[in-house]
Amino acid sequence: MKITPFPHPVYITRPILPRLDILNERLSRIWQLKCLTNYGEQHKALESGLQEHLKVPYLSLFNNGTVALLVALRALGLSQEVITTPFTFPATPHVLAWSGIAPVFCDIDARSMNIDVEKIESMITPRTTGILAVHVFGLPCNVEGIKKIADRHGLKVIYDAAHAFGTEISGKGIGGFGDVTMFSFHATKLFHTAEGGALSVAEDGLKNQIDLLRNFGIRGEEAVLIPGINGKMNEIQAALGLAVLDCIEAEKENRKILRDIYVSRLKDIPGIHLMEDPPKVKPNYSYFVIRISERDYGLSRDDVYRRFREYNVFARKYFYPLGSNYPCYRTLPSSDPVCLPVANRVAKEVLCLPFYGELDPGSVNKICDILMGMKR
Ligand SMILES: *Cc1c(COP(=O)(O)O)cnc(C)c1O
């Protein structure tokens, strides 16, 4: 049977859009108070609501995840060299470059696609000040392994948890590991405030420093203590976030149903590899990721990506190109593909498929049909 293309483009995600009447109630309240930013009522409610939801000791909201990461680097005083992963979104290496820090790319683990703990130590030099690791696709890094290395060498650890909203390890929030964890609330993420982000930390001294940096270094009405930046989340973003937070559990339930369909249809196809949830990890259903081995499947990831587009399916090659292959980082010693064999292979295999609560099960089945039909 010939499969017809979808009548409309099917994207990999769609933002959660709460009911407008619910958002409007919050907006009316903002209008009434005439407080649009600088830590109003909505901001306070979202900060404490998320702190509880994410099970973290301290949380600070930001206007986006990238500024949050810049502030994290500054608050921890990182400089010179920081070890990171090439398999990530551009923001991760870019915040290092913007802070005058050289990114040092470490290869990734073939299974988790996160930074390879076995290889970190060989990248440490006298100039290394920290590790910036990413919980790729919402599944955790080897946090215990990273902690051991960091403790042994006196390094700070920052986690980019842009994908990991709500992920837990043995009941502990993902934001409770390392010195600082960043969350992104961009519209494409599971939880969002249109644009937004947060940092979680374990101690109040560090939270105070982060909050000072977030608002120009201003303390009180007549003191400016340090060169801070404007990282504040405004009341409208926070109101949207509160409305979206109420939709999160239902969104995850819908995504779980869709994931089960994808898994049951795709798990036995030679050359298509699915991600498995590691033991003790509560997944967050942020992405549905497949890896295509050209040798075993017969088509390359790029072939599959192109064929999907003929059916109006807009899958995404996250993360391609690798950070180490951008023109601005390609000449760094650690960017040599010979030193990053796993990352360079994985970046050619990964494809994210459409995955969001409003996608109907019929469409997921059709996407699987299209994928299976490509080989004929
Ligand atoms: C989205 C994302 C960011 C950047 O977050 P913004 O809120 O868009 O600034 C950083 N790292 C990763 C891995 C991301 O996916």
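This is a predicted model: local features need pLDDT of at least 70, side-chain atom pairs count only at pLDDT 80 or more; totals for chains, interfaces and linings use all residues.
The largest share, three residues, is from α1.

A search of the whole structure turns up two cavities of 30 Å³ or more. Around it stand Ile12, Thr13, Thr188, Arg255, Ser286, Tyr287, Phe288, Cys352, Leu353 and Phe355. By class, that lining has six nonpolar, three polar and one charged residues.

Now the pockets. The largest pocket contains about 830 Å³ of space. It has 32 lining residues, and Asp109, Arg111, Ser112, Glu276 and Pro278 are the ones nearest its centre. Helices α5 (117–120) and α6 (143–153) each contribute at least two lining residues, as do strands β13 (272–274) and β15 (288–292). Strand β15 provides the largest share, with three residues. The lining splits into 16 nonpolar, five polar and eleven charged residues.

The second largest pocket contains about 370 Å³. Its lining numbers 21 residues. Nearest the centre are Phe89, Ala162, Ser184, His186 and Lys189. At least two lining residues come from each of α3 (65–75), α4 (91–98) and β9 (180–184). Helix α3 supplies the largest share, three residues. This lining has nine nonpolar, nine polar and three charged residues.

Strands β8, β7 and β14 form an open sheet in the order β8-β7-β14, with antiparallel pairing. Which strands stand at the edges? They are β8 (172–173) and β14 (281–282); each has a single partner strand, so one side of each lacks a neighbour in the sheet. In general, strands of a sheet pair through backbone hydrogen bonds, either parallel or antiparallel. Strand β7 (residues 168–169) is joined to β14 by two bridges, and the two strands run antiparallel. Within this pairing, Ile169 has Val281 of β14 as its bridge partner.

Technical notes
Residues are numbered from 1 along each chain as its sequence is written. Side-chain values use heavy atoms; hydrogens and water are left out. Two strands pair if DSSP finds at least two bridges between them. Helices (H or I, at least four residues) and strands (E, at least two) are DSSP runs, numbered from the N terminus. On a 1 Å grid over the protein atoms alone, a cavity is a set of points where a 1.4 Å probe fits but cannot get out, and a pocket is an open set with protein on both sides within 12 Å along at least five of seven lines; lining residues have an atom within 4 Å of a point. Grid points are joined across faces, edges and corners, and a volume is the space filled by probe spheres set on the points. Ala, Val, Leu, Ile, Met, Phe, Trp, Tyr, Cys and Pro count as nonpolar, Asp, Glu, Lys and Arg as charged, and the others, Gly among them, as polar.
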